[in-house]
Number of protein chains: 2
Amino acid sequence: MKARVVVMLKDGVLDPQGEAVRHALGSLGFDGVNGVRQGKLIELELAETDPAAAEAQLRDMCEKLLANTVIESYRIELQP
Amino acid sequence: MKARVVVMLKDGVLDPQGEAVRHALGSLGFDGVNGVRQGKLIELELAETDPAAAEAQLRDMCEKLLANTVIESYRIELQP
């Protein structure tokens, strides 16, 4: 089963990487970019075939490794 | 208008970051993780309101800054 995990900085947490991209876009002449936030997308190929079990396993992975839950939020998307 | 840009390494390009995550998950006792690839997710808030114009602008941003098209592929998702 394929799954995607999206990890973004929580709202209110300063995102210097996103700010750098916004600034660079402005320097390149792209106007009208009001905000940029950059996060991680992790695509996993799991042996688990049961969606509920896969989601529980992914949640566990996020809590333990993939996201720093103090400053980051994560979202799990299972692909059939 | 909000938009998301997903930038991933192309298939066939070695992804050391993804491999490191896969290895770390194995060390933590997560079995059955057959493959991991890690990419970037960039969320942008654009002043542009026309979807076609916004997509053209985003494509231009990807070609010029957001993605290294030699080794990375990108996908644009507009959010209504």
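Axes here are lines fitted to C-alpha atoms, for helices over the stretch in contact, and angles run from 0 to 180 degrees between N-to-C directions. Keep that in mind as you click through this predicted model.

**Stop 1**

Select helix α1 (residues 16–27) of chain A together with α2(B). Their axes come within 11 Å and cross at roughly 105°. Angles from 65 to 115 degrees count as roughly perpendicular, and α1(A) and α2(B) are therefore roughly perpendicular to each other. Now show side chains: V21(A), A24(A) and L25(A) supply the contact from α1(A), while M61(B), L65(B) and L66(B) supply it from α2(B). Colour by residue class and you will find six nonpolar residues in this contact, with no polar and no charged ones.

**Stop 1: the other helix pair**

Next, pick helix α2 (residues 51–66) of chain A and helix α1 (residues 16–27) of chain B. These pack at an angle of about 105°, and their axes are 11 Å apart. α2(A) and α1(B) are therefore roughly perpendicular to each other. From α2(A) come M61(A), L65(A) and L66(A), and they meet V21(B), A24(B) and L25(B) of α1(B). By class, the contact of α2(A) with α1(B) again has six nonpolar, no polar and no charged residues.

**Stop 2: how the chains are related**

**Stop 3**

You are looking at an open sheet of six strands with antiparallel pairing, in the order β3(A)-β1(A)-β2(A)-β2(B)-β1(B)-β3(B). Which strands stand at the edges? They are β3 (72–79) of chain A and β3 (72–79) of chain B; each has a single partner strand, so one side of each is left without a neighbour in the sheet. On average, neighbouring strands of this sheet are turned by 25° against each other, direction ignored.

Now walk through some of the pairings:

- β2(A) and β2(B) pair in the antiparallel sense over 13 bridges. Here L44(A) has V36(B) in β2(B) as its bridge partner.
- Within chain A, strand β1 (residues 2–9) and strand β2 (residues 33–46) are antiparallel, over six bridges. Look for A3(A) opposite L44(A) in β2(A).
- Within chain B, β1(B) and β2(B) pair in the antiparallel sense, also over six bridges. R4(B) stands opposite E43(B) in β2(B).

Bring the helices of chain B back. α1(B) lies across β2 of chain A together with β2 of chain B, and runs at about 125° to β2(B). Helix α2 (residues 51–66) of chain B lies across β2 of chain A together with β1 (2–9), β2 and β3 of chain B, at about 155° to β3(B).

**Stop 5**

Start with L41(B), found in strand β2 (residues 33–46) of chain B. Is L41(B) buried or exposed? It is buried, with a relative accessible area of 0%. Leaving aside neighbours within four places in sequence, its contacts include V6(A), M8(A) and L41(A) from chain A, as well as R4(B), V5(B) and V6(B) from chain B.

Move on to R4(B), in strand β1 of chain B. At 9% relative accessibility, R4(B) counts as buried. Not counting residues up to four places away in sequence, R4(B) touches residues of both chains, among them V6(A), R75(A) and E77(A), along with L41(B), E43(B) and E77(B).

Finish with L9(A), in strand β1 of chain A. L9(A) counts as buried at 17% relative accessibility, since the cut-off for buried is under 20%. Beyond four places in sequence, L9(A) touches L14(A), D15(A), R37(A), I71(A) and E72(A).

Note on methods
Residues are numbered from 1 along each chain as its sequence is written. Chains are lettered from A and ligands numbered from 1 in the order in which they are written. This is a predicted model: local features need pLDDT of at least 70, side-chain atom pairs count only at pLDDT 80 or more; totals for chains, interfaces and linings use all residues. Side-chain values use heavy atoms; hydrogens and water are left out. Helices (H or I, at least four residues) and strands (E, at least two) are DSSP runs, numbered from the N terminus. Angles under 35 degrees count as roughly parallel, over 145 as roughly antiparallel, 65 to 115 as roughly perpendicular and the rest as oblique. Contact means heavy atoms within 4.5 Å. Ala, Val, Leu, Ile, Met, Phe, Trp, Tyr, Cys and Pro count as nonpolar, Asp, Glu, Lys and Arg as charged, and the others, Gly among them, as polar. Buried means under 20% relative accessible area, exposed over 50%, partly exposed in between (1.4 Å probe, protein chains only). Two strands pair if DSSP finds at least two bridges between them.
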